[in-house]
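Have a look at the protein below before reading on. The notes after it walk through how its parts meet and what holds them in place.

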Number of protein chains: 2
Amino acid sequence: MGKKCKVTFFPDRKEVVVDAGTTVLSAALSAQIALASDCGGEGVCGKCRVAVKAGRITAAGRAKRALRGGAPGTVLACQALVMSDLNVEIPPEARLDAGAPGGEEMDLRCKGLFEQIEEAATPERKPPEQPAELAPVVTKVYLELPPPDLNDRLSDFERVCRGVAQKTGVEVVPSGLANIRELGPLLRSCDWKVTATVLHDPEAPRIMAIEAGDRSAHHYGFVFDIGTTTISGQLVECRQGRVLGTKVTYNRQATFGSDVIARIIYAQAPDGLERLHAAVVDAMNEMIEAFCREHGVDLNDASSVSVAGNTTMIHLLLKIDPRHIRQEPYVPVANVVPMVRAADAGIKIGPHGVLLCAPGVSSYVGGDITAGLLACGMHRSPDVSVLIDIGTNGEIALGNNEWMISCAASAGPAFEGSGMSCGLRAVRGAIQTCVLDPKTHEVAFETIGGDRPRGICGSGYIDLMRSLLERRLLDKNGRFHQETKTKRLRRGKDDWEFVVAWQKDAGVDRDIVVTEADLDNLKRAKAAIYSGLATLLRHMDMTAADVKKIYLAGGFGTALNIDSAVQIGLAPDVEQGRFVFMGNTSLAGARLRLLHRELLRETEAVAANTTYFELSTDPQYMDEYMAALFFPHTDVTRFPSARYTRQK
Amino acid sequence: MGKKCKVTFFPDRKEVVVDAGTTVLSAALSAQIALASDCGGEGVCGKCRVAVKAGRITAAGRAKRALRGGAPGTVLACQALVMSDLNVEIPPEARLDAGAPGGEEMDLRCKGLFEQIEEAATPERKPPEQPAELAPVVTKVYLELPPPDLNDRLSDFERVCRGVAQKTGVEVVPSGLANIRELGPLLRSCDWKVTATVLHDPEAPRIMAIEAGDRSAHHYGFVFDIGTTTISGQLVECRQGRVLGTKVTYNRQATFGSDVIARIIYAQAPDGLERLHAAVVDAMNEMIEAFCREHGVDLNDASSVSVAGNTTMIHLLLKIDPRHIRQEPYVPVANVVPMVRAADAGIKIGPHGVLLCAPGVSSYVGGDITAGLLACGMHRSPDVSVLIDIGTNGEIALGNNEWMISCAASAGPAFEGSGMSCGLRAVRGAIQTCVLDPKTHEVAFETIGGDRPRGICGSGYIDLMRSLLERRLLDKNGRFHQETKTKRLRRGKDDWEFVVAWQKDAGVDRDIVVTEADLDNLKRAKAAIYSGLATLLRHMDMTAADVKKIYLAGGFGTALNIDSAVQIGLAPDVEQGRFVFMGNTSLAGARLRLLHRELLRETEAVAANTTYFELSTDPQYMDEYMAALFFPHTDVTRFPSARYTRQK
């Protein structure tokens with residue numbers, strides 16, 4: 001081709017120059033604009049519809065669809081090929097995270113690229129089984145070495161190694177040239193006072209860097225949970241093991257498809273894998289830069305990044321071809337990922353920095369779950385417990401210090417607020433708890449940070465469903481009782497909907513509602529999770545009563561009302577004292593791995609010892625699932641505490 | 001500056017464009033012309049004198065010397081700065097290896113860049129203590145893996161690791177991303193039949209590469225001895241441990257100084273370290289390329305390079321600042337060098353290839369000696385033996401399987417043929433043995449390869465000295481008996497000299513002679529070595545009679561006459577059965593390390609257990625040295641078999 005075209009996106013006024021023949025979706029991505037796209041650019045989902053205001057386009061493969069927009073001039077960005085300079089208007093709903101139109105953008109404008117999460121937003125309960133002693137994977141050791149003399153002629157590098165061994169008891173293995181090349185002048189320039197950065201690789205501990213003077217107080221690491229929908233990150237001060245900051249951002253891979261299957265398909269497109277990899281790594285690097293800027297951290301003082309994520313996310317992070325994850329027999333390229341140089345994965349920390357990825361169990365139970373087990377300490381306890389991690393998928397692990405079994409339920413991201421008409425993840429302005437007045441059906445709610453409401457997050461939806469059920473606004477199928485007298489219940493554009501907050505009270509310029517379609521999503525999500533757990537228990541010849549602890553994890557915010565979760569049939573109906581709400585266990589487990597090196601091998605053992613149970617091939621799972629597609633369940637005897645089933 | 005000047009060198013007609021202000025020496029180097037320079041460009045040695053035929057130069061620091069050439073227009077290349085386009089004539093004597101003018105060049109023209117050494121030229125005696133079983137550091141393992149199914153869902157990478165463990169018993173540690181990224185499609189494209197290249201790192205064995213199909217028969221490594229004056233290399237087929245070829249070339253670092261001290265000084269100049277590093281790495285890479293071309297070896301099938309060299313050479317190879325080697329207390333940056341990626345040192349083999357460097361003892365007893373000890377098996381034998389390695393320095397190690405002591409004697413490179421009027425290393429055309437007719441003083445000699453003589457190598461000089469002594473042409477001080485009647489003894493240009501071969505019989509266009517200056521060099525070299533050994537023995541309260549084996553190593557060629565070495569006072573006067581002539585033990589030891597992985601740790605133990613004895617601070621060494629500056633020695637009772645001392 002050769003011809004270059006300038007594409008200008010509105011209202012952002014972002015310009016980008018691309019080759020003629022590039023899709024508008026690619027052009028938007030080059031301009032750092034993330035468009036919604038659930039099908040991975042296949043021209044199927046219709047989410048990336050944009051308006052071409054000036055210029056010439058042509059249609060790719062699915063010509064009719066490409067030009068069959070809604071309004072005149074609208075096209076699917078993934079199917080429209082740039083043929084000349086273009087002006088393109090992006091409607092709010094075509095943006096990634098259209099669920100919180102305006103609000104999210106405003107937030108980004110006000111506060112920078114990343115959400116600032118209140119410390120309280122990720123509660124950190126420390127199960128008793130956790131290691132107490134801080135023993136980071138990377139340590140910085142300050143050494144005052146004796147200079148060589150004619151009686152002590154050990155070479156410079158061996159002198160440093162001896163110093164480390166004397167001070168820490170760790171016998172390091174010589175490794176790498178970078179530390180050695182300038183070592184002679186370095187040692188003599190600082191009077192033999194140096195700081196050695198030691199990587200406690202379980203196989204072969206080694207020196208990563210040697211710096212002049214005492215740098216032991218400057219010692220940082222990063223922790224990430226890479227979710228299909230969101231990426232959470234933390235800056236950790238490693239000497240004392242303190243979390244200095246937490247940020248959350250959307251996973252920009254969502255532009256290429258909302259779930260792992262769509263992304264695996266997209267990875268097979270030309271440059272697909274490269275783009276998916278860049279999307280996640282760029283987000284991590286931007287977060288790292290922002291942390292460093294805000295906390296005055298020098299990148300060279302950051303030596304370690306600990307990551308947990310599902311198996312597909314880890315493949316894409318490391319640019320490993322993921323295609324076989326979705327082909328029978330569903331085998332990933334690697335469950336156990338080697339410790340590698342962070343730079344080899346494109347992550348920009350100190351040049352010597354390492355990347356640790358939590359090992360996964362299988363294609364659909366990844367390192368986020370093994371990290372979660374670690375965070376809960378389930379693998380160390382003789383009591384049988386269960387971890388339910390509700391993200392874009394719902395993964396469940398059941399077991400104790402002798403056995404562990406896990407499964408993945410296709411719950412969808414409803415509880416993360418994704419794909420919902422007014423969904424929001426647990427960020428400021430999200431409705432996190434709510435209750436309906438028994439008489440007036442007025443809604444009392446609480447938002448994260450106390451801001452005007454901008455949307456509803458997972459815990460808010462769970463409270464809302466429980467109230468709607470208890471107030472008889474919703475039947476056991478999840479349909480509104482349309483005859484109920486309240487102006488909050490109304491016929492919306494496509495669907496019946498209930499108004500949770502009126503526009504006049506909201507932080508966005510529309511009413512905040514929950515639709516029947518939303519409720520259907522939520523019902524399917526809760527059914528998938530509950531029936532997954534039920535199937536695992538049945539497989540082990542157990543009941544919920546045999547489970548001593550139920551760890552609930554996921555991006556619900558702090559306010560998950562466990563009773564509400566039981567009332568809607570998401571969680572089993574056992575005494576509330578057995579529930580522990582853990583927040584983001586993937587992030588917590590990744591942090592534990594960074595700060596407690598003995599957990600590296602322990603996680604590998606957990607991953608190796610956890611059995612993967614495939615729900616889709618289990619004949620009883622579908623029955624369980626169908627039976628769970630009611631509120632709280634077809635078999636109401638399983639939920640004796642769900643009072644609304646008894647009355648009326 | 002900015003101004004560019006074209007410098008043309010004659011008779012090569014090589015052109016190079018340099019910045020104005022560059023030295024002519026640097027310009028020559030850029031044109032790949034290696035000039036002689038013993039002082040490292042300090043303007044002191046006068047060896048780099050060239051003739052500027054056209055153009056303008058100016059003088060650097062030592063202005064007078066720079067322009068004080070011999071003939072009009074001649075300057076020191078290291079002191080003359082290019083100021084305009086130049087034509088420069090390089091006289092033969094200014095070239096590196098001026099010792100064999102014409103001959104060497106002819107050889108290069110005829111046979112490519114590298115000397116082809118006859119297999120016989122590096123004799124390989126296998127001491128009984130050597131390991132018998134082949135166990136290369138890198139192995140290639142062909143695997144026919146069972147494909148995954150629903151009952152065997154191990155991930156792809158773990159499947160390969162399991163295959164390696166089942167076939168070899170080696171539990172590999174996951175490592176690196178390069179092997180993993182394309183592994184999924186690779187395994188499925190070749191029906192799960194792959195070849196894993198396994199690095200048996202003693203700390204953490206790991207997979208270096210995974211290839212489709214059975215590639216186990218394509219498995220090569222390279223071995224190098226990096227000497228101050230010469231670089232020897234071998235191509236090794238690793239499956240059966242066969243040496244496929246051997247090459248020797250000059251170490252082009254010699255342009256920057258003939259000994260390690262001059263090079264360490266040069267390394268402190270701007271770009272000095274970079275240039276020294278490039279000089280050795282380029283030579284290695286060219287040799288590797290030539291081997292691959294000649295033997296049809298694909299670089300990707302070469303996974304390992306094993307190197308031995310003195311401590312300075314290893315520092316320069318790895319681009320480690322060597323300056324402290326020559327500053328009290330003479331401590332190198334590293335004696336034990338980590339196993340690194342060959343690419344990190346600039347060595348071009350397969351991208352995953354590793355570089356192993358034999359660990360050294362101290363600044364002046366390097367990995368060439370520990371490799372040599374390995375090759376002799378001295379460290380495994382209960383008998384006390386000694387290794388005498390005669391290169392540019394003379395290193396001596398004495399000991400057994402319980403203790404080892406070593407020293408470095410400043411012998412100079414006379415026995416390598418360097419710095420001698422007609423010296424040659426052990427290459428084709430070198431006089432390797434000779435004997436004088438008792439009556440006529442005619443010389444009967446043998447050359448390597450049977451070619452017309454081009455010069456004299458170490459073993460030839462030793463024979464020659466012995467004959468000159470026995471024939472009374474030389475006195476015990478190493479001076480000619482000028483009254484002897486033979487036309488072969490004559491007054492040369494600067495000095496008395498003895499004609500070994502007349503021009504009409506030679507492969508060069510001049511008589512091949514030995515001068516009194518040559519004999520003085522040889523005498524100092526043999527004195528340094530003998531007195532080093534004597535000092536070590538005395539330090540251990542031993543005499544030569546206590547030594548069961550004397551291993552002689554160095555670039556003498558195959559024909560070293562041990563009796564001659566004793567007669568001139570180089571080697572101690574013990575029964576000949578105790579001598580073993582080993583050839584290049586540094587190269588042999590490096591090869592052993594490549595092919596017998598258990599020796600990696602063993603070499604480190606040898607290096608750690610070998611005491612370094614500093615001759616220069618020992619009060620008795622100088623006495624020993626002075627006493628050895630005679631033929632065979634001041635104390636003739638030490639050489640009872642030297643018959644010439646008794647007659648007359």
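Predicted model: local features only at pLDDT ≥ 70, side-chain atom pairs only at ≥ 80, totals over all residues.

**Where the two chains meet**

Residues are numbered from 1 along each chain as its sequence is written, chains are lettered from A and ligands numbered from 1 in the order in which they are written, and side-chain values use heavy atoms, with hydrogens and water left out.

**The interface in more detail**

- On the chain B side, B:R153, B:L177 and B:R181 lose the most area to chain A, together 17% of what that side buries.
- The contact (heavy atoms within 4.5 Å) takes 43 residues from chain B and 44 residues from chain A.
- Of the interface residues of chain B, 100% are interface residues in chain A too, so the copies meet through the same surface.
- Two salt bridges cross between chain B and chain A; a salt bridge is a side-chain nitrogen of Lys or Arg within 4 Å of a carboxyl oxygen of Asp or Glu.
- B:E614 forms a salt bridge with A:R153, and their closest N and O atoms are 3.7 Å apart.
- Across the interface of chain B and chain A there are also 18 residue pairs in polar contact, both residues being at pLDDT 80 or more. A polar contact is a pair of N or O atoms within 3.5 Å; within protein, one must be able to donate a hydrogen and the other to accept it, and residues adjacent in sequence count only if both atoms are side-chain atoms.
- The elements giving two or more residues to the side of chain B that touches chain A are α4 (156-168), α5 (178-181) and α6 (183-189) of chain B. Helices (H or I, at least four residues) and strands (E, at least two) are DSSP runs, numbered from the N terminus.
- The largest share of that side, four residues, comes from α6(B).

**How the copies are related**

- Chain B can be laid on chain A with an RMSD of 0.2 Å by a turn of 180° and a shift of 0.0 Å along the axis. The two copies are thus related as by a two-fold rotation axis.
- For this, copies are superposed by least squares on the C-alpha atoms of residues with pLDDT of at least 70 in both.

**Salt bridges**

- Over all chains, the count comes to 70 salt bridges.
- In one of them, A:R490 pairs with A:D511, the closest N and O atoms being 2.9 Å apart. A:R490 lies in strand β24 (residues 489-491) of chain A and A:D511 in the loop between β25 (496-501) and β26 (512-515) of chain A, so the pair ties together parts that are 21 residues apart in sequence.
- A:R490 is partly exposed at 27% relative accessibility, whereas A:D511 is buried at 18%. Buried means under 20% relative accessible area, exposed over 50%, partly exposed in between (1.4 Å probe, protein chains only).
- B:D321 forms a salt bridge with B:R323, with closest N and O atoms 2.8 Å apart; B:D321 is buried at 6% and B:R323 partly exposed at 27%.
- B:D505 forms a salt bridge with B:K504, with 3.2 Å between the closest N and O atoms; B:D505 is partly exposed at 35% and B:K504 is exposed at 62%.
- Salt bridges that share partners join A:K140, A:E211, A:R215 and A:D301 into one network.

**Cysteines**

- A disulfide is a pair of cysteine sulfur atoms within 2.5 Å, and the count over all chains is zero.
- The sulfur of A:C407 is 15 Å from the closest cysteine sulfur, in A:C376, too far for a bond. A:C407 is buried, with a relative accessible area of 0%.
- B:C357 is in no disulfide, as the nearest cysteine sulfur, that of A:C161, is 16 Å away; B:C357 is buried at 3%.

**A closer look at B:T195**

- B:T195 sits in strand β10 (residues 193-199) of chain B and is buried, at 0% relative accessibility.
- A polar atom of the B:T195 side chain lies 2.7 Å from the backbone nitrogen of B:R215.
- Leaving aside neighbours within four places in sequence, B:T195 is in contact with residues including B:K140, B:Y142, B:E211 and B:R215.

Note on methods. Buried area = accessible area lost by both parts, 1.4 Å probe.
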